[in-house]
Amino acid sequence: MASKVGKVISLSRRSFLKFVGGASLVGVTLNLSGCGEPITPDKAIGGNGWMPTQYNAPGNWPTSVRGRVPIDPENPAIVRDDQKCILCGQCIEVCEKIQSVFGNYELPIKKEFVCVNCGQCIQWCPSGAISERDDVNKVFKALADPNVTVVVQTAPATRIGLGEEFGMPVGTNVQGKQVAALRKLGFDVVFDTNFTADLTIMEEGTELVKRVTGELHHPIPQMTSCCPGWVKFVEYFYPELIPNLSSAKSPQQMEGALIKTYFAEKKEVDPKKIFSVSIMPCTAKKFECQRPEMNSASKELNDSNVSPDVDVVLTTRELARMIKRTGIDFSSLPEEEYDKLMGTGTGAGVIFGTTGGVMEAAVRSAYYLITGQQPPVALWNLTPVRGMQGVKEAAVNIPGVGDIKVAVISGLANARKVMDQMKAGNAPWAFMEIMACPGGCEYGGGQPRASSPPSDEDRNRRAASLYNIDAKAKLRNSHDNPEIKQIYADFLTAPMSEKAEELLHTHYVSRADDFIPKKSEENKLY
Amino acid sequence: MAKGVLVDIPKCIGCESCSVACKLWNELEWDEQEKNKTAIDRAKEPNNGLWPEEWTSINRYDPEKDGESVARYVKAQCMHCEDPACVSSCFSKAFQKLPEGPVIYDQSLCVGCRYCMMACPFDVLRYEWKKAIPGVRKCQMCATRVANNQETACTSVCPTGAIIFGDRDQLLAEAKKRIKENGYVDRVFGEKEAGGTSWLYISDTPFEQMRFRTDVTTKPLPSYTEGYMKATPFVGVGWAAILAGLYVFNNKGKEPLD
Amino acid sequence: MELVTTVVSRAGAKMSSVRWKFRMTPMRWVFTGIASAAIAVILVRFVLGLGATTNLNDQWPWGLWISFDVLLGVALAGGGYGTALIVYVLRRDKFYPIARSAMLTSLLGYIVVVLGLLIEVGQWFNFWRPYVSWGHASVLFEVFWCISCYTVIQILEFCEVGTEKVFKGAHKYLKKAMPVMLIIGITLPTLHQSSLGQLFYLMVGKVNPLWWTAFLPVFFLLSSFFVGAGMIVIESTLAGKALNHKVEIPVLRGLVKISAGAMILYLMLKITDMVVRGTFANAFAFDLPSIMFLSELTFGVIIPIIIAFSSLSSTRKGLIWFGILTVSGVIMNRFDVLFTGMGKYLNQYGGSYVPAVSEFIVSLGLVSIACLAYLFLAENFNILGNHGSEHADDIEIKDGKYASTAK
Ligand code: SF4
Ligand code: SF4
Ligand code: SF4
Ligand code: SF4
């Protein structure tokens, strides 16, 4: 108990130092023995994944393709599942090089992503990361509603695409089965967009004649306006050429407007209770149907409760998905006919589905509109505008007028070149058909993915199928379509009549303010 | 040579290739909820788009430019400070600044105190709250790639050159050049912030409007505690000596207490 | 009382003579209840992780547990080193009666802190890493070393008491080592108490300037010192009720005065600091931080000073008020530094944190465990029964509450 204080203290000092020294020694030894070694990069979390080889190069080595296109989450037509993206860069490749959209504006972007909704990136994406915005459920919901009359139209090109989704060879014509499938799905009325394709020819042809004769003070060449991707492209990059665009709506929008007016009136259906669906080979159509101009029925009927002319656009792939989901055995379906009134189309209408088709159809009817005579058989096979070249030219001799020069373009990069040429004052044509997608609608962004990237071989097969339908058609001229005659007699009076203008024609808006224009062609890549 | 990344905000088109690259390279898991968020959503959420499995995020802001509201996409990730607070705050040395630039983290050393998260001046550290054995998560600046003389995954895929990888010094010079040429805001965010960072940002719109911590100190964060930590052993020994002295003095001739 | 039980354990033939007793009172049952609930939550935390049991998030990586268990626990337990300093080093022998109990509280406090830390950290099994992987630039590194060493020292210190009863053979060695342990045992906590404050100095620009100052370590150190007296007053009162034992008023009063002296120093430093950094405007802005700041100072420091140096401190009531105010003042201060101080910054983009019920349960549970342990140890070892304590009258315990406070 009575230990000497001094003794205790000496013990204290010594053991204190011992303690401190010991602790440090332990620490130092452990440090040296490896536990406290600096971390090396391989110890860091992550870094064990994979990247496409093009990116695994020393920094600032040039790579052929980098990254991917931007897709706005609000894009009405196209969505991307990031989880599936492998950054292969195919989308940016097609967007920039084939469609000349990406990279053709200056940075910074202003508000929106420049996108024409053509959906070619969907066709090029090898992993299926990009796809159409799925609107299938909206349609299923409408079909389930007994109070709603669901009217559907099918574009010219879906009939030669849909079969591929069910294992049929590329280009198989499944027109009849498609109608049967739609009926089975519960669509009340099945119409054919070929009908309005014919109508488009009447309207657009008349407009062309009026432009040529000077009755209409709009510039020549007249450019087709049935491709919404192309239209948006002009609105973005060539607003000064908007007057060259035909004011005629696309067949889809014509059909939509007529479904809620002409059909509603004829069949005494409440237009407010019509749900109008269109099956399209195209994603840009999803954008088109949402354009504010595209609710002519509502305007015409002066009733704001009438929904837009086309309520929902489904791509061919989405229709296939519906059929599969419902469990319909597509290949064993019988061949059925479209409903009458707006379900008859001609061979001219069906070839709208491929590049050059609109031109061919237009030439046939223009001949008739100008001369009052049926076109010669030679015009039923206008080979110069057929095929997969990006830019095709032809001269058609129409008695009394002489040679009319026309041009057919598909793929927007091709269109850009021609537009630049036009801006430079070098446009010898009277009429130009332009489709955003290479090859036209038959390989649109909404068609079944036959190969990736899309090949001309498949394009040709699909085109051949369309030409085959045309060749076999009883009626091959738009102006011969009996339902066209009927609608003009009963409803529209004449092409470009006041009512036709109201329902079948539209206007365009410049989108040049959405981005900063390219300063020069040279420094194209950022 | 210390590497860095220059982010030229006006050049970003919001394609999010970079965040996908980050996912691919670091094998980060996909989360349904995060996947469905847009750049606008992420810019507004408290986490700034950064989550344990989202080491980088493209966030959209609508700052003003010439009186007009414009869209700007800003890439967020760890800034890779030159003298990082996370490194200095970690008491088990789970963080480290590599000479090449990356600030890396080794989970096997981590105790999980989360002091680093409190200390990080840019609030980029995220914790795996949902895991029973959680770790801290953040961009590692692709340390193994950088060590192999490759560029970071995100910069390698950027289609517009909005993010470029290189020597920090050169990037800084480039940044200043671009500021002059393009009439950007006269500030390289990251040049001096928190004592300088490996990632540098330049922009044509005010940084304040894009969720940058513009009022952050320009002193390296560790310098705030450096002196204290250096003094501690001496203070400790000195204090113990004083106590010992007092003890001896006060106990002299007294019966020790038990 | 019916509930009073005596637990008798025979731990081996040799010690069969040692009787352990533990009376279960209603209050103790309540403690046991909370403690078991907490243990249940803790199990869930280990199986499912922090996300499942706390409301912590990436904006608020630190929450109730860290502030309560560590900042607060350590501060409140800090009374131990203060007493050790006063009694053993400065030899103010009149405070000897409270020395052992204060140091026991401190020990228990630290054990709770260590337990709390193990629950709170993500990779608890890695707790030993900093011993070998030295993050020596980190203030937390110092805190970690100090807390862990100090806890060991405290256990040894307590063993010196413990060996009076069991393993008597070790007693004389421990007794010899006592001075060394005492000196280390004062050095370490003073270092880390201040470091706890310094922890927040790294969060530059995040903490409200009312609290963020270069003086943070000094403030933390001083407040941990003066809260010790408050704690001892409260603890001796509570323990007095529970264990029939009271500490003399003059002893407590003397302690309270020492503590109040430290408070005056603290207050003066605070004011100086405010003058130097020009934060007076902030302090009197009367927004939330300002109100918290002012009430923390008024109720936690100024009023206790007045109590201590007036005749109020000669009554038990006054002393208890001193204790309650001081302790709540420091609790408030620690919560203020984290929650009020950082709230504006951490919530600026919509972050939020409200502790989950389970977080409260765990914190209360840890305190309950500490209380139970204290009561057990106090009943079985010579903690309170040293010289110079008066025996209180039997006090009835009703519904887990103490019937009256002062005689
Ligand atoms: S094509 Fe598809 S996979 Fe490739 S980068 Fe684009 S989105 Fe990703
Ligand atoms: S930004 Fe934060 S996490 Fe990244 S290095 Fe700096 S302190 Fe560390
Ligand atoms: S540097 Fe690497 S880890 Fe960091 S954001 Fe880029 S890809 Fe991700
Ligand atoms: S890859 Fe480049 S352009 Fe695309 S989001 Fe990232 S930084 Fe922006």
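Helices are DSSP runs of H or I with at least four residues, numbered from the N terminus. The expected span of a helix is 1.5 Å times one less than its number of residues.

This is a predicted model, where local features need pLDDT of at least 70, side-chain atom pairs count only at pLDDT 80 or more, and totals for chains, interfaces and linings use all residues. Residues are numbered from 1 along each chain as its sequence is written, chains are lettered from A in the order in which they are written, and side-chain values use heavy atoms, without hydrogens and water.

**Stop 1: one helix.** Select residues 288-309 of chain C. This is helix H12, with 22 residues. From first C-alpha to last, H12(C) reaches 31 Å, close to the expected 32 Å. Now click C:Thr298. H12(C) bends there by about 30 degrees (the angle between axes fitted to the seven residues ending there and the seven starting there).

**Stop 2: chains C and B.** Show both chains. The contact (heavy atoms within 4.5 Å) takes 70 residues from chain C and 61 residues from chain B. Colour C:Asp58, C:Arg91 and C:Leu202. These lose the most area to chain B in chain C, together 15% of what that side buries (buried area is the accessible area, 1.4 Å probe, that two parts lose on being put together, summed over both).

**Stop 3: a salt bridge.** Select B:Arg114 and C:Glu120. They form a salt bridge, with the closest N and O atoms 2.6 Å apart (a side-chain nitrogen of Lys or Arg within 4 Å of a carboxyl oxygen of Asp or Glu). Between chain C and chain B, the count is 3 salt bridges.

Key:
Helices (H or I, at least four residues) and strands (E, at least two) are DSSP runs, numbered from the N terminus.
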